[in-house]
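Welcome, and take your time with the picture that follows. We will walk through it together, one group of side chains after another.

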Amino acid sequence: MVSCGNSFESSPEMETFLCERLLDSDQPISERFRALFSLRNLKGPAPRNALVNATRDSSNLLAHEAAFALGQMQDIDAVPALEAVLNDLSLHPIVRHEAAEALGAIGLESNVPLLKNSLAVDPALEVQETCELALRRIEEMKNVDGNGGLSIIETSPFLSVDPAAPASCYSVEQLREVLLNEDKGMYERYAALFALRNCGGDDAITAIIDSLAAKSALLRHEVAYVLGQLQNKAASAVLCQILRDVNEHPMVRHEAAEALGSIADDHSVVLLEEFSRDPEPLVSESCQVALSMLEFEKSGKSFEYLFMQTPQVEKIC
């Protein structure tokens with residue numbers, strides 16, 4: 001998962017190009033992600049429909065990122081498609097998980113019955129836990145706006161729609177205790193995680209890193225995602241260890257790879273190159289995308305097509 005930014009205007013020609021590029025399975029995964037990251041900043045039926053179609057892609061990494069993007073966009077019109085993804089047990093659990101999180105991010109009270117249904121019938125623990133989070137987030141939003149409609153919980157300083165509102169009025173030590181406590185509910189632990197992220201500082205970073213020992217793969221994957229947001233080199237060693245661990249859940253290894261791409265020290269880059277050939281596609285593709293993003297960053301160019309300076313679409317290839 002990569003946080004979304006603001007919305008931008010685009011020409012119809014650019015929209016068409018981006019939609020086609022996203023759905024072109026002959027393109028390298030990094031090129032398709034460039035299109036995805038651009039489309040998530042656009043509004044309207046064409047970008048939404050392209051992202052919806054991408055949730056059914058043969059690349060589980062791309063499919064889950066498309067579902068994540070729809071949630072970050074908080075596009076109400078995407079709800080039926082996300083519901084269909086969540087209910088399709090033939091899809092990879094990471095894709096269903098992201099659909100559930102997206103429904104929580106959109107936050108409609110009408111999403112509650114379908115999330116409760118998936119909580120009861122989905123065989124994957126990570127999907128069940130995500131449904132619990134989404135249901136609690138919707139309840140929190142209902143309490144905020146009082147009318148059961150779409151509401152905006154405080155904007156994250158990292159420009160992400162988080163699956164839990166950060167806990168407030170707690171010290172770093174208290175937040176650490178909640179985050180590391182296996183007896184606490186998942187929403188409370190997520191809330192502590194995001195509060196620690198927002199606090200920053202050495203003690204907060206240490207607490208977040210220590211939570212990578214949590215029993216829940218869902219929580220571990222979110223912790224790796226947060227460490228990528230923080231881009232703190234203190235996390236590099238443990239993230240490298242996770243990426244190397246072939247017995248770790250693929251969704252955790254995938255987030256570790258993306259986080260290492262954000263940290264981008266020399267050792268991280270070497271490891272990303274090594275695991276870009278990993279037999280697990282979620283891992284290898286994450287490494288390939290991270291390396292491509294780093295190459296664009298080094299060259300001073302934007303990874304996203306939308307920010308390229310050339311006005312002629314045919315030159316953006």
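Which ring does the charged end of Arg34 sit over? Keep in mind as you look that this is a predicted model. The charged end of Arg34 is placed over the ring of Tyr305, at 4.0 Å from the centre of that ring. Arg34 also belongs to a network of salt bridges, in which it is linked with Arg21 and Glu31.

Let us stay with rings for a moment. The structure contains 6 aromatic pairs. In one of them, the ring centres of Phe37 and Phe303 are 5.7 Å apart and the planes meet at 55°, so this pair is tilted. Phe37 belongs to helix H2 (residues 29-39), while Phe303 is in the segment after helix H16 (281-299), so the pair ties together parts that lie 266 residues apart in sequence. Phe37 counts as buried, with a relative accessibility of 2%, and Phe303 is buried too, at 8%. Both of these residues are part of a cluster linked by ring pairs, together with Phe33 and Phe296.

Tyr190 and Phe194 are both buried.

Is Arg189 buried or exposed? Arg189 has a relative accessible area of 3%, so it is buried, because buried means under 20%. Its side chain meets that of Glu182 in a salt bridge, with 3.0 Å from N to O. Glu182, at 33% relative accessibility, counts as partly exposed. Leaving aside residues up to four places away in sequence, Arg189 touches several other residues, including Val178, Leu179, Ala214 and Leu219.

Now for the wider set of charged partners. Side chains of opposite charge can pair when their charged atoms come close. How many salt bridges does a search of the whole structure find? The search finds 17. One of these joins the side chains of Arg176 and Asp210, at 2.8 Å from N to O. This pair links distant parts of the chain, with Arg176 in helix H9 (residues 172-180) and Asp210 in helix H11 (residues 202-210), 34 residues apart. Arg176 is partly exposed, with a relative accessible area of 24%, and Asp210 is partly exposed at 33%.

Arg220 and Glu248 form a salt bridge as well, and their closest N and O atoms are 2.7 Å apart. Arg220 is in helix H12 (residues 217-230) and Glu248 is in the loop between helix H13 (236-244) and helix H14 (250-263), so the pair ties together parts 28 residues apart in sequence. Both Arg220 and Glu248 are buried.

Our last stop is Asp122, in the loop between helix H7 (112-121) and helix H8 (125-145). Asp122 is buried, with a relative accessible area of 2%. The side chain of Asp122 makes a polar contact of 2.7 Å with the side chain of Arg96. Not counting residues up to four places away in sequence, the residues that Asp122 touches are Leu86, Leu89, Arg96, Val127 and Gln128. Although Leu89 is 33 residues from Asp122 along the chain, the C-alpha atoms of these two are separated by 7.4 Å.

Definitions and conventions. Residues are numbered from 1 along each chain as its sequence is written. This is a predicted model: local features need pLDDT of at least 70, side-chain atom pairs count only at pLDDT 80 or more; totals for chains, interfaces and linings use all residues. Side-chain values use heavy atoms; hydrogens and water are left out. Rings of Phe, Tyr and Trp (its six-membered ring) pair if their centres lie within 6.5 Å; planes under 30 degrees apart count as stacked, over 60 as edge-to-face and the rest as tilted. Helices (H or I, at least four residues) and strands (E, at least two) are DSSP runs, numbered from the N terminus. Buried means under 20% relative accessible area, exposed over 50%, partly exposed in between (1.4 Å probe, protein chains only). A charge sits over a ring if NZ of Lys or CZ of Arg is within 6 Å of the ring centre and within 35 degrees of the ring normal. Contact means heavy atoms within 4.5 Å. A polar contact is a pair of N or O atoms within 3.5 Å; within protein, one must be able to donate a hydrogen and the other to accept it, and residues adjacent in sequence count only if both atoms are side-chain atoms. A salt bridge is a side-chain nitrogen of Lys or Arg within 4 Å of a carboxyl oxygen of Asp or Glu.
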